[in-house]
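Please keep the sequence and the 3D view open as you read.

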Amino acid sequence: MEASAESGNLAGVRHIILILSGKGGVGKSTISTELALALRHMGKKEQSVSLMSVGFLLEKPDEAVVWRGPKKNALIKQFVSDVAWGQLDYLVVDTPPGTSDEHMAALDALRPYSPLGAVVVTTPQAVSVGDVRRELTFCRKTGLRVIGIVENMSGFVCPHCTECTNVFSRGGGEELAKHAGVPFLGSVPLDPELTRCLEEGRDFMQEFPQSPAFHALSAIAQKILKETPAQLS
Amino acid sequence: MEETPHDCPGTGSAQAGRGSACQGCPNQQLCASGAGAVPDPAMEEIKEKMKTVKHKILVLSGKGGVGKSTFSAHLAHALAEDENTQVALLDIDICGPSIPKMMGLEGEQVHQSGSGWSPVFLEDNLGVMSVGFLLSSPDDAVIWRGPKKNGMIKQFLRDVDWGEVDYLIVDTPPGTSDEHLSVIQYLAAAHIDGAVVITTPQEVSLQDVRKEINFCHKVKLPIIGVVENMSGFICPKCKKESQIFPPTTGGAEVMCQDLKIPLLGKVPLDPHIGIQEFCSLRQPKEERTSLAPETQRNVLDESSPS
């Protein structure tokens with residue numbers, strides 16, 4: 001199928017949100033997934049969720065994709081131009097850590113469709129915040145609006161005694177948002193039920209509405225919904 | 001040791017420098033110009049430079065945020081406790097350099113001398129190099145595509161005056177891309193002891209780590225073993241254990257059994273390693289939280305030539 005030069009395969013997509021972080025392992029994919037599920041459940045009627053990933057193109061799950069930048073860029077371009085996305089209210093774009101080929105390629109490919117902005121994920125500790133500061137510079141330099149910062153892995157409540165331990169330190173995300181002058185969208189605590197759902201491909205937002213991570217994620221999704229002018233159909 | 005990229009058409013082939021796999025390869029221009037038989041002169045220069053480096057260990061993971069830099073930093077420190085062991089820690093994560101902060105060396109600058117760039121010395125026997133030392137502000141972003149990152153790694157290996165080194169620990173970013181291919185290609189002529197692969201217990205990490213292990217096999221990089229990090233959490237109040245990152249598919253133990261790779265150790269989640277004050281390793285030894293000394297010993301035992 002040829003992509004039309006005028007309309008493009010993203011013509012039917014209302015809002016595009018990129019999930020970024022300078023740091024690896026802070027929960028970009030987790031936040032992308034849960035945000036997509038939360039937005040889905042918040043619609044007036046149940047929306048379907050479409051998903052595209054290089055993972056679907058591999059013959060074997062353990063196959064390594066050993067590609068340099070240019071080849072990665074080409075695939076990202078294809079994801080934008082050659083996937084029949086159809087009518088979507090939200091396109092959530094999960095990214096790898098860093099400020100390199102993939103990020104520039106994604107931004108170049110998505111720019112004609114006016115992305116809503118980026119949700120930047122960090123964890124509380126200094127090494128994460130240090131990398132995320134650089135990601136915010138990337139956003140500034142490329143003219144990508146920062147919708148806000150999410151602080152993930154924000155404390156762990158011991159299931160045996162309910163003592164809350166700041167496993168990865170505390171406060172870094174909120175301080176960074178203040179320092180950088182961007183909105184702080186909220187903190188999501190560590191929750192083994194969330195991890196388990198992700199491992200097993202289950203819908204955490206549907207199965208664990210009582211958990212602290214659910215409340216945090218819902219609140220973040222609500223804030224993002226407020227950013228979007230049109231109502232979900 | 002495999003020197004060529006995956007799917008390389010071969011330096012002598014008609015497709016040399018023109019194939020899709022050639023894009024970004026350091027030899028691309030040479031191959032495309034027909035001078036494919038002539039390798040990058042930097043390879044020889046790096047081989048010479050590495051003659052004074054006895055052991056080279058790469059710290060890898062397919063997955064981000066599992067503790068590669070934390071492990072690299074602690075391993076370097078542990079090795080340097082013996083004053084007679086010369087240790088070098090090279091951070092090739094160009095976009096997210098964590099090593100300067102972890103080693104308490106933020107704000108330090110690299111100096112140039114007649115013999116090349118001088119690493120930043122934490123101790124007399126512990127030198128560190130990272131792109132972090134070349135940035136003037138903590139907000140500076142390194143927004144580089146692959147070829148520029150490769151150039152930086154080449155400079156780190158060729159232009160840094162490492163001197164006589166017993167152990168060179170190379171901390172890497174997550175993934176199997178430019179940085180990993182470049183460091184392996186540039187060090188191809190000098191012997192790399194092998195890779196320590198870091199994971200956390202859950203399947204989402206293991207999935208990426210299996211790919212990394214496959215990558216190591218593809219490029220013929222020996223695997224010293226796997227370290228499972230964030231392996232359980234002991235509540236400081238009630239002392240009961242929780243699995244924050246549950247090993248739903250058996251964790252690294254089962255993966256290592258399946259793939260017949262040594263499991264070097266399991267390191268628990270210790271908030272003392274994460275919190276800001278302990279992030280800096282620049283402290284008196286008694287106050288420093290050590291990262292599983294037994295695991296570190298296993299790394300050295302497995303990496304020593306038999």
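B:Asp40 has a relative accessible area of 10%, so this residue is buried; buried means under 20% relative accessible area, exposed means over 50%, and partly exposed lies in between, using a 1.4 Å probe and protein chains only. This is a predicted model, in which local features need pLDDT of at least 70, side-chain atom pairs count only at pLDDT 80 or more, and totals for chains, interfaces and linings use all residues. Residues are numbered from 1 along each chain as its sequence is written, chains are lettered from A and ligands numbered from 1 in the order in which they are written, and side-chain values use heavy atoms, leaving out hydrogens and water.

Which residue forms a salt bridge with B:Asp40? The partner is B:Lys154, with the closest N and O atoms 3.1 Å apart. A salt bridge here is a side-chain nitrogen of Lys or Arg within 4 Å of a carboxyl oxygen of Asp or Glu. The pair links distant parts of the chain: B:Lys154 sits in helix H5 of chain B and B:Asp40 in the loop between helix H1 (28-32) and H2 of chain B, 114 residues apart. Helices (H or I, at least four residues) and strands (E, at least two) are DSSP runs, numbered from the N terminus. B:Lys154 counts as buried too, because its relative accessibility is 18%.

The axes of H2 (residues 41-49) and H5 (residues 146-159) of chain B come within 8 Å and cross at roughly 40°. Axes are lines fitted to C-alpha atoms, for helices over the stretch in contact, and angles run from 0 to 180 degrees between N-to-C directions. On the H2(B) side, the contact (heavy atoms within 4.5 Å) is made by B:Ala42, B:Glu45, B:Ile46 and B:Lys49. H5(B) brings B:Lys154, B:Leu157, B:Arg158 and B:Asp159.

Over all chains, the count comes to 16 salt bridges. One of them pairs A:Arg68 with B:Asp178, with the closest N and O atoms 3.5 Å apart. A:Arg68 lies in the loop between helix H1 (28-42) and helix H2 (69-81) of chain A, and B:Asp178 in helix H6 (residues 178-186) of chain B, so the pair joins two chains. Both A:Arg68 and B:Asp178 are buried. Elsewhere, B:Lys101 and B:Glu106 meet in a salt bridge (2.9 Å, N to O). B:Glu106 counts as partly exposed, at 48% relative accessibility. Salt bridges that share partners also join A:Asp101, A:Asp108 and B:Arg145 into one network.

B:Lys68, found in helix H3 (residues 68-80) of chain B, is buried yet has no salt bridge. Its nearest side chain of opposite charge, B:Asp171, is 6.2 Å away; Lys and Arg count as positive and Asp and Glu as negative, while His and the chain ends are not counted.

Finally, turn to the backbone. Most residues other than glycine have a negative phi. A:Met153 has a positive phi of about 55° although it is not a glycine. Where is A:Met153 found? This residue is in the loop between strand S4 (146-151) and strand S5 (156-157) of chain A, and it is buried, with a relative accessible area of 11%.
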